[in-house]
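The following note is intended for a colleague who is meeting this structure for the first time. Please read each point with the model open alongside.

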Amino acid sequence: MKRVTRLVGRFRNAPVIGTAVLVGLLVLIGMGAIVQSEASFRSQKQQEAQVQAAILAASVVAALDFGDAATAQEAADAMRANGQMRGVGIYDRHGLRVAGFRRDAGDSPRNVQESRRLTASSESIVGEAPVMRGGERIGLVRLSVDAQPFETRVGTYLLVGLLVIMAALVVTVLGVAQGALRRANRALGERAAALVLSNAALKVQIDEREKAEEQLRQAQKMQALGLLTGGIAHDFNNLLTVIQGSADMLCRPDLKPERRLRYAEAIVQAGERAAALTRQLLAFARRQPLRPETIDVNAMVAGMIDLFDRTLGERIAIRTELSDDACVVEADRAQLASALLNIAVNARDAMPDGGTLTISTGSGRTSSDNDDMDQPMIALSVADTGAGMDAATLARAMEPFFTTKGTGKGTGLGLSQVYGFATQSGGDLRIASIPGKGTTVTLLLPSSDKPLVAEEQFQPISGSARRTGSVLLVEDNDAVGEFAESLLSELGHRVVRARSGEEALERVHGGKFDVVLTDVVMPVMSGIELAEQLATERPELRVVLTTGFSEEIALSGAGGRPVILKPYRLETLATVLDEALA
Amino acid sequence: MIGVIALLAAVPFAPCTTSAQPSEDAVKAAFLPKFAHYVAWPAAAVPAGDAPFVLCIMGPDPFGRLIDAAAASESIDGRPLAVRRLGASDNGAGCQMAYLSGGERQVAQEIAALGRQPTLTVTDARAGNAHGIIHFVLSGGRVRFLIDDATAAERGIAINSRLLALAISVKQRP
């Protein structure tokens with residue numbers, strides 16, 4: 001490569017030198033052509049004059065022979081046609097002029113000698129030919145021809161010179177172009193090399209950037225996960241608040257039986273909502289759309305009053321202004337409840353010193369001016385008497401991650417989630433606020449005329465189980481295990497607990513059981529593996545699976561065995577076991 | 001210049017020059033041998049070997065020594081030119097050229113006598129209207145001639161176009 005570069009460097013000026021040599025050569029050739037032309041011009045003219053003289057001499061032989069001057073003159077005059085003919089003289093054998101002419105005004109020479117003197121002093125070209133008859137010289141013809149005027153020749157030479165210059169110019173231009181092209185080529189080569197280098201650098205940068213982006217994506221995922229967890233925790237805390245509050249109330253000794261029942265119902269409902277929330281979370285993780293159902297909003301609000309009571313605390317009075325008309329909407333029940341709870345909690349936070357929360361429902365048509373939806377809508381409004389919001393806060397209230405609460409107190413996702421739910425359900429979210437007076441959040445949902453689906457009502461479980469038997473409970477989680485053990489005992493079963501699949505197998509070998517109730521997700525040996533093992537060892541032994549993570553069942557299959565999904569209700573557990581013991 | 005003048009003085013027969021005006025007969029005598037240079041005879045009529053061309057004078061001789069001198073100074077294709085003066089009964093056989101003189105009738109008879117021989121006949125307007133192949137006339141004080149190329153062709157004689165160019169008129173060959 002270096003050698004090539006050196007070689008190229010040595011011949012870098014080759015085009016310039018070549019061009020110069022070519023141009024010089026061209027000029028030399030042009031000059032040579034002119035000189036050659038000038039030299040040959042005279043000899044050629046001389047020859048021409050000689051030929052013309054010879055022709056004239058041949059044509060005046062007889063005239064000279066017979067001394068016919070008139071005829072000779074005619075022959076001489078014929079030469080006048082040649083414009084360059086300066087003069088013609090025909091002389092007899094003695095050198096005396098017989099005929100001829102002289103174009104200029106001067107006297108014609110009387111003999112050859114005079115003629116010779118005359119032509120010697122001029123630069124004209126002279127042709128001379130003897131008049132011969134039968135080998136005998138009988139006279140002489142002389143003629144003088146104008147050399148072509150120098151100006152004419154100069155014109156010719158100029159033309160030649162011009163051509164040479166043009167040729168030289170062309171050669172020069174070509175040479176220069178060639179040189180430029182070489183330089184451009186070299187520059188191009190250098191640039192290409194530089195490009196290759198920068199391309200490689202760019203590739204490295206791209207790789208680095210991709211890595212960085214991957215890291216950023218990961219970080220964003222983690223952040224989203226954190227936010228989601230925070231949001232879920234927020235909702236769960238709301239539900240836990242209800243459950244804990246209700247449980248605390250139940251612990252009071254002098255509680256009337258009907259109050260006790262209401263608190264128990266509240267706990268059950270909160271539990272159901274929590275279960276729905278986890279279902280929702282799982283559905284969200286699997287990106288499955290949630291199924292809307294027809295809901296009577298009035299009934300729903302009425303059912304949530306106690307929940308609000310416990311959630312919002314005693315300093316907040318709750319009023320309801322429910323519409324007399326049926327307010328039926330089509331929405332996801334859990335999401336609607338969550339949204340309402342969200343708004344209520346926001347209202348509570350806006351009233352730290354207490355106040356009044358008014359929940360009202362109404363039906364009508366939207367008076368929306370920014371979209372053209374014109375259909376019966378149900379309005380669910382939650383008004384507080386809190387601090388209210390200024391215009392700037394109001395404008396951003398529905399933005400994701402925008403919050404006025406302190407760190408750790410809110411995610412900024414609440415209202416944005418509510419807004420997302422409302423728009424997804426074909427409705428809208430409106431917020432009106434006056435600073436110092438309070439805020440009214442109105443959830444607008446499309447009115448539905450579909451028949452209502454009866455909500456699963458809370459039914460107290462009659463403690464008497466239909467069938468009882470010996471149950472082997474396999475559960476690695478102690479809390480769940482103890483709870484399930486107490487439930488099963490309450491239902492009248494004899495319960496033996498194992499904490500792993502291996503322990504369960506040992507117990508089966510050592511005792512007699514009617515049913516095995518096993519958790520699916522366990523370390524070392526899963527519930528499904530245990531069931532498979534038991535199917536070969538003790539085919540007559542019935543196995544019931546239970547799991548909070550239904551996907552495991554979806555992946556491995558239950559093998560036709562009954563499955564109880566966590567969290568399960570006492571009734572469900574009783575029914576499934578009853579069937580298993582049948 | 002002086003030399004040139006001296007030279008001129010030494011040439012008494014230089015034709016058609018302004019400086020000397022020779023007599024009509026002298027000019028004609030000078031012309032006659034020259035004609036031979038511009039005429040081609042049929043091969044049979046050309047004298048064999050080194051035999052001279054023959055210029056015959058039929059009828060009275062108007063030239064005398066002039067013609068002898070002129071003939072002596074000419075050579076035709078390297079052969080000498082002989083002048084033969086013919087008697088009245090001579091039919092001109094062997095004459096390549098013949099100058100016919102005498103009266104008009106005599107010249108006509110001489111022409112008739114030559115018959116169809118390939119002889120270049122030269123006649124003179126002084127002798128009347130009988131025309132040979134070349135017929136001398138005086139024109140503008142100068143000796144000129146007419147040429148009857150048609151007759152020449154009949155006789156097998158070819159006349160050089162250079163000579164034809166000098167003639168006042170030419171009777172074209174058919």
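Which residue in β2(A) is the bridge partner of I90(A)? The partner is A99(A). The points below place this pair in context; the model is a predicted one.

1. The hairpin of chain A. Strand β1 (residues 85-92) of chain A pairs with strand β2 (residues 97-102) of chain A in the antiparallel sense, over 5 bridges. Together β1(A) and β2(A) make a hairpin in which 4 residues lie between the strands. In the turn, G95(A) has a positive phi of about 90 degrees.

2. The other pairing of β1(A). Strand β4 (residues 136-145) of chain A is joined to β1(A) by 7 bridges, and the two run antiparallel. Within this pairing, S144(A) in β4(A) is the bridge partner of G87(A). As for burial, 8 of the 8 residues of β1(A) are buried, so the strand is largely enclosed by the rest of the structure.

3. Chain A as a whole. The chain contains 16 helices and 16 strands. Of its 582 residues, 29% count as buried. Contacts between residues at least 6 apart in sequence were also examined: 66% of these join residues at least 24 apart.

4. A parallel sheet in chain A. Five strands form an open sheet with parallel pairing, in the order β13-β12-β14-β15-β16 (chain A). The edges are taken by β13 (494-498) and β16 (563-565) of chain A; each has a single partner strand, so one side of each is left without a neighbour in the sheet. On average, and with direction ignored, neighbouring strands of this sheet are turned by 20 degrees against each other.

5. Inside that sheet. Strand β12 (residues 470-474) of chain A and strand β14 (residues 515-519) of chain A are paired in the parallel sense over 4 bridges. Here V474(A) has T518(A) in β14(A) as its bridge partner. Helix α13 (residues 501-510) of chain A lies across β12, β13 and β14 of chain A, and runs at about 160 degrees to β12(A).

6. A helix length check. How far apart are the end C-alpha atoms of helix α12 (residues 478-490) of chain A? They are 18 Å apart, which agrees with the 18 Å that 13 residues should span at 1.5 Å a residue. Just after α12(A), G492(A) takes a positive phi of about 100 degrees.

7. Two loop residues with positive phi. V524(A), which is not a glycine, has a phi near 65 degrees. This residue sits in the loop between β14 and α14 (527-537) of chain A. V524(A) counts as exposed because it has 9 C-beta neighbours inside 10 Å, and the cut-off for exposed is 12 or fewer. In chain B, D77(B) is likewise not a glycine and has a positive phi of about 50 degrees. D77(B) belongs to the loop between β3 and β4 (79-86) of chain B, and with 10 C-beta neighbours inside 10 Å it counts as exposed.

8. Strand β5 (residues 97-100) of chain B pairs with strand β6 (residues 120-124) of chain B in the parallel sense, over 3 bridges. Y99(B) stands opposite V122(B) in β6(B).

9. A helix pair in chain B. Helix α2 (residues 24-35) of chain B packs with helix α3 (residues 65-73) of chain B at an angle of about 35 degrees, their axes being 8 Å apart. The crossing of α2(B) and α3(B) is right-handed. On the α2(B) side the contact includes D25(B), A29(B) and L32(B), and on the α3(B) side it includes L66(B) and A70(B). The contact residues divide into 9 nonpolar, no polar and 1 charged.

10. A loop position in chain B. Is A44(B) buried or exposed? A44(B) is exposed, because 8 other C-beta atoms lie within 10 Å. The residue lies in the loop between β1 (39-40) and β2 (53-58) of chain B. A44(B) and P118(B) are 74 residues apart in sequence, while their C-alpha atoms are 9.0 Å apart in space.

Conventions: Residues are numbered from 1 along each chain as its sequence is written. Chains are lettered from A and ligands numbered from 1 in the order in which they are written. This is a predicted model: local features need pLDDT of at least 70, side-chain atom pairs count only at pLDDT 80 or more; totals for chains, interfaces and linings use all residues. Axes are lines fitted to C-alpha atoms, for helices over the stretch in contact, and angles run from 0 to 180 degrees between N-to-C directions. A crossing is left-handed if the near helix is turned anticlockwise from the far one by less than a right angle, and right-handed if clockwise. Two residues are in contact if their C-beta atoms, placed from the backbone, lie within 7 Å. Ala, Val, Leu, Ile, Met, Phe, Trp, Tyr, Cys and Pro count as nonpolar, Asp, Glu, Lys and Arg as charged, and the others, Gly among them, as polar. A residue is buried if 20 or more other C-beta atoms lie within 10 Å of its own, exposed if 12 or fewer, and partly exposed in between; C-beta atoms are placed from the backbone. Two strands pair if DSSP finds at least two bridges between them. The expected span of a helix is 1.5 Å times one less than its number of residues.
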